[in-house]
Amino acid sequence: MIEVRVHGRGGQGGVTSAEMLAIAAINEGKFAQAFPSFGPERRGAPVIAFARVSEEKIRNRTKVYTPDVVLVLDPSVLSIVDVEEGLKADGMLVINSAKSIAELRREYGFKTDLARVDATHIALEELGLPITNTTMLGAAVKARPLVAVDSLVGPLEHRFGRIAAKNIRALKRAYEETEIDFI
Amino acid sequence: MAKRVGIEVSLAISEAVKQAKVDAIAAYPITPQTHIVEHLSELVADAELDAAFIPVESEHSAMSVCAGTAAAGARTYTATSSQGLALMNEILYIIPALRLPIVMTIANRALSGPISIWNDHSDIMGARDTGWIAIFAENGQEAYDLTLQSFKIAEDHRVLLPISVNIDGFTLSHVIEPHEFIDQQEVDAFLPEYKPAVQLNPDQPVSMGMVGIPEVYAEAKKCQDEVLKNSEAVVKEVFREFGEKFGRHYQVVESYRAEGAETLLLTMGSVSETAMEAIDRLQDVEKRSVGLVRLRLWRPFPSADLLKAVTGCKTLAVLDRAVSFGSPGGPVASEVRSTLYGVDGAPYIASFIAGLGGRDITIADFISIVDQAESMAESNENHQYKMIGVRE
């Protein structure tokens with residue numbers, strides 16, 4: 001079972017990221033859960049969402065305390081939230097940042113495998129908005145094979161309708177542009 | 001062919017209600033139930049469901065409207081949570097007395113105060129004595145399956161009682177997970193059209209909800225209680241038929257790796273699945289003799305099946321997710337103690353309260369509950385209940 005925690009800010013669609021991932025996994029015949037952190041969610045405030053993906057039926061219904069993958073949609077939460085909290089030693093941190101991997105490691109002291117992509121830049125170019133939830137899904141599945149990148153297309157089309165095409169472009173571009181640094 | 005879809009549990013429940021072809025829905029939005037009726041209102045607006053969707057100004061009115069539509073012979077559905085259920089309370093008592101087979105989803109949530117939108121079982125415990133059948137789902141598939149089965153149970157002429165399908169708010173209602181939907185044709189074959197025994201009809205006038213003078217009131221209440229108790233047999237019958245048809249089997253009391261176990265944990269609702277993980281760890285890693293019993297049917301209380309499920313164990317740790325203020329134990333534990341009182345070889349019963357107002361109950365918490373229960377049994381500790389994970 002792979003457990004995922006998504007960090008973002010209210011209104012950035014972090015819950016949607018987790019949901020698209022779970023639906024894609026279920027469509028692949030796997031088992032999955034996605035759920036919000038159930039907090040009083042306010043636009044702009046740091047929020048989290050969770051997902052689990054497994055080959056077997058998932059029974060644990062607690063929050064995710066020890067994620068395998070942590071997805072950071074908004075670089076501004078890095079200085080106020082401990083995004084590494086509970087991350088497994090062999091876990092993967094996937095960060096939206098314009099900074100290089102070396103800079104991120106130096107600035108925050110990240111010790112685990114690290115993936116980065118400038119998702120805000122991609123989202124601004126492809127969507128015209130700094131909303132990185134779909135873009136960062138491309139980075140996530142590049143960093144860890146949670147689902148095939150093409151499996152996300154159907155759920156995105158269903159959820160986003162007429163604006164799906166540009167979200168899919170952003171997703172695929174992030175998949176190509178994501179850099180991964182294994183420790 | 002059954003269809004496997006990844007969908008939010010709330011929407012899966014809406015799908016079951018749509019497939020049940022309800023005639024009337026009256027509801028007022030309240031977190032965490034809102035997605036269910038929101039989606040139903042869309043289905044009605046999009047003409048995918050041919051039903052009257054009656055928006056109201058409060059839950060008291062929602063249940064009052066449901067009483068009216070059900071009395072007119074309509075298959076009737078509503079959903080609520082927490083304060084909404086509390087506001088319905090006055091009407092909740094009247095529904096079973098009128099023998100109206102309404103189906104209601106309760107997305108279980110804590111009661112104020114302090115204000116909490118999160119999950120526990122305070123709301124259903126407050127409605128415990130209203131005379132409704134109450135069942136609990138542990139996951140989204142069960143929520144879907146039990147919703148379909150509930151119409152069949154409630155509308156059976158041996159029953160004609162309302163039923164609440166309890167799903168844990170957020171921890172079930174807002175989770176996306178896999179569901180298998182049954183084909184409409186098969187739903188139709190399983191759940192035929194509702195045929196009311198008596199209905200309001202201007203051409204054949206009847207009176208419902210009359211005064212019960214002292215000469216008849218006690219008889220009316222005795223009848224009502226007997227009907228509710230007898231409904232357990234129909235619940236089992238419907239569970240059996242559903243299992244035979246669709247391969248998913250339900251029991252009023254469920255067991256998990258409980259055979260021959262010296263210690264049993266007893267749970268209700270979606271925490272049962274996390275508890276199974278704890279049982280696997282206790283048996284497979286720690287080689288301990290601990291099993292799990294889960295209550296699916298809360299009302300009528302399945303005393304005989306519970307007795308059978310726990311016979312032979314030495315220690316029984318009962319988990320409650322609500323406080324019955326001033327009582328000698330959690331509400332489930334009190335029923336269990338009452339069921340086992342005076343029974344030869346009855347186990348030591350330890351009462352635990354945990355998971356209030358959305359507090360997680362983790363695998364480690366379940367293991368700690370088992371540890372504490374066993375040491376309490378060892379010293380035959382005299383206690384009312386223990387609260388888990390509370391800071392003092």
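**A buried helix, then the chains**

Author: In α1(B), the residues V9(B), S10(B), L11(B), A12(B), I13(B), S14(B), E15(B), A16(B), V17(B), K18(B) and Q19(B) are buried, where buried means that 20 or more other C-beta atoms, placed from the backbone, lie within 10 Å of the residue's own. Helices here are DSSP runs of H or I with at least four residues and strands are runs of E with at least two, numbered from the N terminus. This is a predicted model, in which local features need pLDDT of at least 70 and side-chain atom pairs count only at pLDDT 80 or more, while totals for chains, interfaces and linings use all residues. Residues are numbered from 1 along each chain as its sequence is written, and chains are lettered from A and ligands numbered from 1 in the order in which they are written.

Reader: Why is helix α1 of chain B largely enclosed?
Author: The helix covers residues 9–19 of chain B, and 11 of its 11 residues are buried, so the rest of the structure largely encloses it.

Reader: Switching topic, how many residues of chain A are in contact with chain B?
Author: On the chain A side there are 17 residues, in contact with 18 residues of chain B, and a contact means that the C-beta atoms of two residues, placed from the backbone, lie within 7 Å.

Reader: Which elements of chain A give two or more residues to that side?
Author: They are α1 (14–27) and β2 (31–36) of chain A, and β2(A) gives the most, with 6 residues. The side of chain A that touches chain B divides into 9 nonpolar, 4 polar and 4 charged residues, with Ala, Val, Leu, Ile, Met, Phe, Trp, Tyr, Cys and Pro counted as nonpolar, Asp, Glu, Lys and Arg as charged, and the others, Gly among them, as polar.

Reader: What is chain A built from?
Author: Chain A has 6 helices and 7 strands, and along the sequence they follow the pattern β-α-β-β-β-β-α-β-α-α-α-α-β. Its radius of gyration is 15 Å, close to the 16 Å that the globule rule gives for 183 residues, so chain A is as compact as a globular protein of that length; the radius is taken over C-alpha atoms, and the rule is 2.2 Å times the number of residues to the power 0.38.

Reader: What about chain B, how many helices and strands are there?
Author: Chain B has 12 helices and 15 strands, and its C-alpha trace spans about 70 × 55 × 45 Å along its principal axes. Of its 392 residues, 51% are buried, and among contacts between residues at least 6 apart in sequence, 80% join residues at least 24 apart.

Reader: Which domains does the assignment give for chain B?
Author: The assignment, which is automatic or from a database, gives domain 1 (3–246) and domain 2 (253–387) of chain B. Their centres, taken over C-alpha atoms, are separated by 28 Å, and 25 residues of domain 1 of chain B are in contact with 20 residues of domain 2 of chain B.

Reader: Which element gives the most to the domain 1 side of that contact?
Author: That is α8(B), with 5 residues. By class, the side of domain 1 of chain B that touches domain 2 of chain B has 11 nonpolar, 8 polar and 6 charged residues.

Conventions. Buried ≥ 20, exposed ≤ 12 C-beta atoms within 10 Å, placed from the backbone.
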